[in-house]
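Colleague: I have a structure open and would like to learn how to read it. Can we go through it feature by feature?

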Amino acid sequence: MMQDTGYKIQDKDMHHASGIMHQRTITVAVAGNPNSGKSTLINAIAGTRLYVGNWPGVTVEKKSALFEYEGTNIKLVDLPGTYSLSPYTQEEIIARDYLVHEKPDAIINVVDATNLERNLYLTVQLLELGIPVVMALNIHDEAVSKGYKIDIKIMEDALGIKVIPTVATKKIGLNELLRAVTDTSGHHPKKLNYGSDIEAAASAVEKQIKNSYPQLLKKYPLRWLIFKLMEEDSHVMEEINVGDKSFIEEATKHLKKAHGNDVESIMADERYALASGLTHEVLKKPEFRKMEMTEKIDKIVLNRFLGIPIFLAAMWVVFKLTFDFSAPFADWIDAMTTGPFKRWAEAILGFIHAPEWTVSLATDGVIAGVGFVIVFVPVIFAMMFFITFLEGSGYMARAAFVMDRAMHAIGLHGKSFIPMLLGFGCNVPAVYATRVLENPRDKALTSLLIPLMSCGARLPVYVVFIGAFFTAYAGTVLWSLYVMGIALAVLMGIIFKRTLFKGESPMFIMELPPYRMPSFRSLMIHTWEKGKHFLIKAGTYILAVSILVWFLLNLPWGVENKKDSYLGKMGQVIAPVLEPVGFGNWEAASSLVSGLIAKEIVVGTMGEIYVQKKDEKKEQPALTDDLKEMGTSFASAVRDSASNVISTFGISSLSSEESAEEKEERSPLRDVIKSKFTPLSAYAFIAFVLLYMPCVVVAIAMRQEFGTWKWFGIAFAYQMALAWIVAFTIYQGGKLIGLG
Amino acid sequence: MGLVDIILMIVIIAGAVYLLYRSLWKKKGHCPGCDSETCKPEKKYNPKDC
């Protein structure tokens, strides 16, 4: 057993690998069941230098890496996690098409040692391809700790492949695995015997292929092709266009008669029998099995009465921690953007004698617009971190499971909850992720409900308003918004089910992975993957909109009062509609309009509108003072954040007791908002932001997924109405009971 | 406001509009995964694409 793999990454750029092609290069596909630790194994081998993309045309992630191991270049290609190579799901089709058409030199079959029988079903199918296979018997430590005894030698002899025990999380066994992979040349897996009936039919089909279709032998692995023809696999039949299928009928006639079933089912039964038989041969389990931790936790977490309250409580903890951890950093960035960065921009533009209006554009437009969004990057990253933790620990799969019953109430199943969970990060990939749903009805209904899941882009708006009005119970207010989104999704789902989408909800079978502590490294990688696009957005279209909003606020040229600007006039046209919901002023209306591009722009626009340029000339601190201040304030942000997290439910800096002057200095936008809204109208406003129309990019995504604007049109209409009704109910209802 | 100011203003606005078009339409809002090929219209797997 090794602690270190000892391999060396040569080049991460997969498209420019020709420079190291003078050495032997082998392509190795990595295949395995979902939750077998395949991703962890790939990450452990290739680290952060993996080339992460997607399989062409689909949302299924594709990872690949090229590195050198003991004089051999290995191109590692990660196949989607699948239970079999049948042609029913997108993942299965991708995996098997790659293996059949690309013919990798070897396959690493990642097998979960704690779940041997189910994982071996895929192994049996991989062996049919005739490609050298090396089995990574992963999560081996857990199997050992459960008292499982797996006879590696018998397994190797039975399958004719190398079997290497691995623990990907601890990088154990990777060296042996890579050595086995580089040493597979000329090795071919054993031809497993499928029983006399199947083998007899296979021989007949083989003879016919060799006689009548010899050209197919160059294109497809023979045994795999025989089985697919016997099964009359629709994809293969379509692809190779066999004219006369009578020889298949003839060859399988006896088989079907003897087993009383179609060939596909007979083959599946035989593969299961092989996997099961082998498992009984090689695996010895302890006679008395203690109830495992996963089972103990699931007894509580999946309880029919406790499941949903626990899910809601888990989300509350996530939001509370998000606030407590990130608030000091958000405050720090806020102080930096409104302080030193603004001063430096003014100084640089002054130095190059730029026109005065460009100084205003840079400071009141770009820095105010983009800066007020950047402030919330720590909040977004913290949220993504905690959500990634829940995903990696195995809890999110339970969340989908406990939500399955609620989803059935709205005519969907738990699988639809997975794209909806993605929507908490960003609604755009969530809409694309509806491709995992086979039924067009489910796809359309799920896409209509996804915008009600509160995406990360809405967080900045919540944080500004919560920071201004609800500091003492920030986490709870934030949690209430997410719960409101989910509850309204359920409500709208029920309405849609009875109107637009009548019909039964399909069955859903999902696997619940065991609870595991995700590694910190993997958490950081996934958090970065999820959160980085907010930074890209800030540097691209949020920047663009900030510039355009600045012009709209300053045109016609020389306008004295912002209210008379183009943006102000547009806001005044819309404002009366928003009067009954508590924020009928042109500033709020204009911000909501610009927020149609992306929700975080609501904050950027408010920053540009509300935060007035101070005319008084203060003495400018020196650059060194600014840098010193940045360092010391960052250190105190780290200290505050740590103390908030340690006290878990302690008071975040957003709610810390600061002097009014200090607070104004540090967060001018929050202070102005406090004077323009009441707590009731503020809550109505953030509820409106949660619910009103999905952003432009979601509209584009819906148009691309469905080929029509119809579904976006429906989403736009119902969300606008819903947002207004909910905000009206909150504001007017609150006033009625004396909260106003 | 001089001619240079007007030209500069037009250039900035045109640049912002182009950036907006490019980011929203061509780059699909820079959504996670869309920088690769995720958000391409759905099509059948073609091994030549890999």
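Modeller: Start with burial. A residue is buried if 20 or more other C-beta atoms lie within 10 Å of its own. Keep in mind that this is a predicted model.

Colleague: Which residues of H21(A) are buried?

Modeller: They are A:Leu459, A:Pro460, A:Val461, A:Tyr462, A:Val463, A:Val464, A:Phe465, A:Ile466, A:Gly467, A:Ala468 and A:Phe469. The helix spans residues 459-469 of chain A, and eleven of its eleven residues are buried, so it is largely enclosed by the rest of the structure.

Colleague: Now the whole chains. How many helices and strands does chain A have?

Modeller: Chain A has 33 helices and ten strands. It holds 740 residues, of which 48% count as buried. Look also at contacts with a separation of 6 or more: in chain A, 77% of them join residues 24 or more positions apart.

Colleague: How many helices and strands does chain B have?

Modeller: One helix and zero strands. Chain B has 50 residues, and buried ones make up 26% of them.

Colleague: Let's take strands. How many residues of strand S7 of chain A are buried?

Modeller: Six of its six, so to read the strand as mostly covered follows from the burial count. S7(A) covers residues 133-138. Next, ask which way each residue points. A:Val133, A:Met135 and A:Leu137 point one way from S7(A). A:Val134, A:Ala136 and A:Asn138 point the other way. Residues on both sides are buried.

Colleague: Which way do S6(A) and S7(A) run, parallel or antiparallel?

Modeller: Parallel. Strand S6, residues 106-112 of chain A, is joined to S7(A) by six bridges. In that pairing, A:Asn109 has A:Met135 as its bridge partner.

Colleague: What do S6(A), helix H3 and S7(A) make together?

Modeller: A right-handed β-α-β unit. Helix H3 of chain A, residues 116-127, is its helical part.

Colleague: What about strand S9 of chain A? How many bridges join S7(A) to S9(A)?

Modeller: Four, and these two strands run parallel. S9(A) spans residues 162-165. A:Met135 has A:Val163 as its bridge partner in S9(A). A:Leu137 stands opposite A:Pro165.

Colleague: Are the residues of S9(A) buried or exposed?

Modeller: Buried, on both faces. A:Lys162 and A:Ile164 lie on one side, with A:Val163 and A:Pro165 on the other.

Colleague: Back to helices. Which residues of H9(A) are buried?

Modeller: A:Trp224, A:Leu225, A:Ile226, A:Phe227, A:Lys228, A:Leu229, A:Met230 and A:Glu231. That is eight of the ten residues of helix H9, residues 222-231 of chain A, which is mostly covered.

Colleague: What covers the buried residues of H9(A)?

Modeller: The cover includes helices H2, H7, H8, H10, H11 and H12 of chain A.

Colleague: And what follows H9(A)?

Modeller: A:Glu232, with a positive phi near 55°. This residue sits in the loop between H9 and H10 of chain A. A:Glu232 is partly exposed, with 16 other C-beta atoms within 10 Å.

Colleague: Where is A:Lys103?

Modeller: In the loop between H2 and S6 of chain A. A:Lys103 is not a glycine, yet its phi is positive, about 45°. A:Lys103 is partly exposed, with 16 other C-beta atoms within 10 Å.

Colleague: How do I describe two packed helices?

Modeller: Use the angle between their axes and the distance between the axes. Here is a case across two chains. The crossing is left-handed.

Colleague: Which residues make the contact between H24(A) and H1(B)?

Modeller: On H24(A), they include A:Leu543, A:Ile547, A:Leu548 and A:Phe551. On H1(B), they include B:Ile12, B:Ala16, B:Leu19 and B:Ser23. By class, the contact has 13 nonpolar, one polar and no charged residues.

Colleague: One last feature. Which residues does a cis peptide bond join?

Modeller: A:Leu555 and A:Pro556, with omega about -5°. A:Pro556 is in the loop between H24 and helix H25 of chain A.

How values were computed. Residues numbered from 1 in each chain as written. Chains lettered and ligands numbered in written order. Predicted model: local features only at pLDDT ≥ 70, side-chain atom pairs only at ≥ 80, totals over all residues. Buried ≥ 20, exposed ≤ 12 C-beta atoms within 10 Å, placed from the backbone. Pairing = 2+ DSSP bridges. Right-handed = clockwise from strand over helix to strand, strands pointing away. Left-handed = near helix turned anticlockwise from the far one by under 90°. Contact = placed C-beta atoms within 7 Å. Nonpolar A, V, L, I, M, F, W, Y, C, P; charged D, E, K, R; others polar.
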